[in-house]
Amino acid sequence: MIESMNKVFFTPGDIVTIKHDISNRPTMLVKGKETKTIRGNDDATHFKGIRCFWFTVDGKYEEETFSTKDLVHVKTKAQ
């Protein structure tokens, strides 16, 4: 986890969860960031979100991209 000017950055290996109080919210591991390149005059690359994965109670592997606004740190890999 890196904090700079009230911004929180997620790094691969950080343990996170969803900020919102919902039932069965998973504890997830950050895999990396997701970007999307839009081809055009300047070939701009846009940030999509943070790619996370987790295992369900049934042992099923799940993976999804989340907005940084929807995630909070549980533990960083350096802790």
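1. Two strands are taken to pair if DSSP finds at least two bridges between them; helices (H or I, at least four residues) and strands (E, at least two) are DSSP runs, numbered from the N terminus. The model is predicted: local features need pLDDT of at least 70 and side-chain atom pairs count only at pLDDT 80 or more, whereas totals for chains, interfaces and linings use all residues. Residues are numbered from 1 along each chain as its sequence is written, and side-chain values use heavy atoms, with hydrogens and water left out.

2. Overall content. The protein has zero helices and seven strands, giving the pattern β-β-β-β-β-β-β along the sequence. Of its 79 residues, 22% count as buried (under 20% relative accessible area, with exposed over 50% and partly exposed in between; 1.4 Å probe, protein chains only).

3. The sheet. Five strands form an open sheet in the order β6-β5-β4-β3-β7, with antiparallel pairing. Because β6 (61–66) and β7 stand at the edges with a single partner strand each, one side of each is left without a neighbour in the sheet. On average, neighbouring strands of this sheet are turned by 45° against each other, direction ignored; axes are lines fitted to C-alpha atoms, for helices over the stretch in contact, and angles run from 0 to 180 degrees between N-to-C directions.

4. Pairings of β3. Strand β3 (residues 15–18) pairs with β7 in the antiparallel sense over four bridges, and I15 stands opposite K75 in β7. With strand β4 (residues 27–38), β3 forms three bridges, also antiparallel; here T17 stands opposite T27 in β4.

5. The β4–β5 hairpin. β4 and strand β5 (residues 44–55) pair in the antiparallel sense over nine bridges, and the bridge partner of T37 is T45 in β5. Five residues lie between the two strands of this hairpin, and D43 in the turn has a positive phi of about 45°.

6. Contacts. Among contacts (heavy atoms within 4.5 Å) with a separation of 6 or more, 33% involve residues 24 or more positions apart.

7. The largest pocket. A pocket is an open set of points on a 1 Å grid over the protein atoms alone where a 1.4 Å probe fits, with protein on both sides within 12 Å along at least five of seven lines; lining residues have an atom within 4 Å of a point. The largest pocket holds about 230 Å³ of space, a volume being the space filled by probe spheres set on the points. Its lining has 11 residues, of which K7, V8, F9, F10 and T68 lie nearest the centre. β2 (7–9) and β7 (71–75) each supply at least two residues of the lining.
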